[in-house]
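Subject: Handing over the model

Hi,

Here is the structure I promised to pass on to you. Please open it alongside this message, and my notes follow below.

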Amino acid sequence: MHTREQKRVLITGAAGQIGTELTIALRERLGNENVIGMGHRTKAPKELEEGPFIYGDINDLESYEKIVDEYEIDTVYHLAAILSVTGEKNPQLCYDVNLNGLYNILEVARKRDQRLFCPSSIAVFGNDEETGEVVLKPTTMYGVTKVAGELLCDYYYRKYAVDVRGIRYPGLISWKTEPGGGTTDYAVAIYYEAIRNKKYECFVRADTKLPMMYMSDAIKGTLDLMDAPLENLNQHSDYNLSSMSFTAGELAESIAKRIDGFECTYVSDNRQEIADSWPDEIDDASSRNDWNWDPAYNLERMTEDMLANLEIKLKEE
Ligand SMILES: NC(=O)c1ccc[n+]([C@@H]2O[C@H](COP(=O)([O-])OP(=O)(O)OC[C@H]3O[C@@H](n4cnc5c(N)ncnc54)[C@H](O)[C@@H]3O)[C@@H](O)[C@H]2O)c1
């Protein structure tokens with residue numbers, strides 16, 4: 001069984017950090033009219049005005065079904081979610097959107113034979129209290145919903161043959177759209193503040209090391225996984241994906257090399273605890289083996305590109 005061709009695609013969470021860039025990338029491939037962005041409360045970014053953009057709530061099954069039928073959607077990239085930090089502020093909402101919302105997406109896909117991309121996160125991991133080993137025992141509501149979400153997606157694959165695929169994204173760094181309430185937001189904010197004020201107060205310690213990825217690699221990984229022939233996949237919704245791991249201190253150094261006088265200070269808040277519960281490295285051998293995952297960016301290349309693009313963007317604002 002080969003991967004079916006995508007005709008009409010819907011992206012939930014299209015106004016978000018990943019959604020904005022994924023919508024642009026898919027429109028380049030499939031044409032503006034064939035890629036429908038779905039937002040919730042956040043206004044559509046200017047870059048997405050070229051094609052259809054609608055507003056809806058994934059928790060409202062009836063209206064979601066209407067959207068899917070009206071646009072004859074055959075593939076959904078389901079990016080709508082409540083992220084880790086926002087999720088700890090409102091765990092009930094996080095549960096509702098990330099699990100009840102996902103259930104709606106899966107049920108609609110089952111009934112209409114749609115293909116699905118449903119991302120997970122390194123937040124699925126936690127440290128075993130006794131052995132210190134990295135295990136699938138998250139301590140945040142976000143992590144709990146992501147582990148349960150992976151299991152739910154795999155269930156729909158096994159039971160109903162819904163072709164659902166997913167990546168455990170690490171912290172994503174990008175310049176087009178700002179991140180939406182995650183633990184790794186400092187790794188984006190630091191670039192903005194370096195350009196604006198030559199200083200940044202980081203909310204995790206300098207020695208906090210986490211797996212990270214530049215957005216263009218994340219988009220490439222997403223498209224490559226969705227393009228891969230189904231028979232090559234030994235996993236479905238829980239592919240680890242890695243490209244670089246660095247400490248907050250190393251990130252600050254890579255910026256200081258390029259911005260004279262940049263200074264970073266470190267004052268941890270409650271986000272430190274979440275960061276400490278996640279692994280600092282990820283083994284992504286199965287993504288490399290099954291669908292030839294091969295990232296392009298390391299820390300230095302990413303910093304070069306982030307600063308060049310943000311300089312232009314912030315001047316235009
Ligand atoms: N950005 C990262 O670093 C990162 C890392 C790991 C995993 N992920 C995962 O990738 C996906 C996308 O993340 P992102 O960073 O782009 O998130 P984001 O917060 O930037 O965007 C998510 C979007 O979902 C929308 N949304 C919230 N509730 C909704 C609802 N009820 N109905 C419809 N839309 C709703 C929001 O309006 C928001 O624009 C999520 O599943 C997230 O868990 C992201």
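A crossing of two helices is called right-handed if the near helix is turned clockwise from the far one by less than a right angle, and left-handed if the turn is anticlockwise. With that in mind, α6 passes α8 in a right-handed crossing. Please remember throughout that this is a predicted model.

Let me stay with this pair for a moment. Helix α6 covers residues 186-197 and helix α8 residues 248-256, and they pack at an angle of about 25° with their axes 11 Å apart. Angles under 35 degrees count as roughly parallel, so α6 is roughly parallel to α8. On the α6 side the contact is made by Tyr 186, Ala 187, Ile 190, Tyr 191 and Ala 194. Helix α8 answers with Ala 248, Leu 251, Ala 252 and Ile 255. What kinds of residue make up this contact of α6 with α8? They divide into 9 nonpolar, no polar and no charged.

Helix α6 has another partner in α11 (residues 299-316), where the packing angle is about 60° and the axes lie 10 Å apart. That angle makes α6 oblique to α11. Here, too, the crossing of α6 past α11 is right-handed. From α6 the contact uses Tyr 191, Tyr 192, Ile 195 and Arg 196, and from α11 it uses Met 306, Leu 307, Leu 310, Glu 311 and Leu 314. By type, the residues in the contact of α6 with α11 are 7 nonpolar, no polar and 2 charged.

Now for the domains. The domain assignment of the chain gives domain 1 (9-171 + 214-240) and domain 2 (173-212 + 243-283 + 296-316). Their C-alpha centres lie 24 Å apart. The contact between the two domains takes 24 residues from domain 1 and 26 residues from domain 2. Which elements give two or more residues to the side of domain 1 that touches domain 2? They are α1, α3 (84-89), β7 (126-127) and α7. That side of domain 1 divides into 10 nonpolar, 12 polar and 2 charged residues.

The helices α1 and α7 also pack against each other. Helix α7 spans residues 215-227, and the two meet at an angle of about 60° with their axes 10 Å apart. They are therefore oblique to each other, and α1 passes α7 in a right-handed crossing. Helix α1 brings Ile 18, Glu 21, Leu 22 and Ala 25 to the contact, while α7 brings Met 215, Ala 218, Ile 219, Thr 222 and Leu 223. Sorted by type, the residues of the contact of α1 with α7 are 7 nonpolar, 1 polar and 1 charged.

Of the 29 residues around the ligand, Gly 13, Gly 16, His 40, Ala 80 and Gly 180 come nearest. Two or more residues of the shell come from each of α1 (17-30), α4 (91-112) and β11 (171-173). Which element gives the most to the shell around the ligand? It is α1, with 3 residues. The shell divides into 12 nonpolar, 15 polar and 2 charged residues.

Happy browsing, and do write back with any questions.

Best wishes

Definitions and conventions. Residues numbered from 1 in each chain as written. Predicted model: local features only at pLDDT ≥ 70, side-chain atom pairs only at ≥ 80, totals over all residues. Near = placed C-beta within 6 Å. Helix = DSSP H or I, 4+ residues; strand = E, 2+ residues; numbered from the N terminus. Nonpolar A, V, L, I, M, F, W, Y, C, P; charged D, E, K, R; others polar. Axes fitted to C-alpha atoms, helices over the stretch in contact; angles between N-to-C directions. Parallel < 35°, antiparallel > 145°, perpendicular 65-115°, else oblique. Contact = placed C-beta atoms within 7 Å. Domains from an automatic or database assignment.
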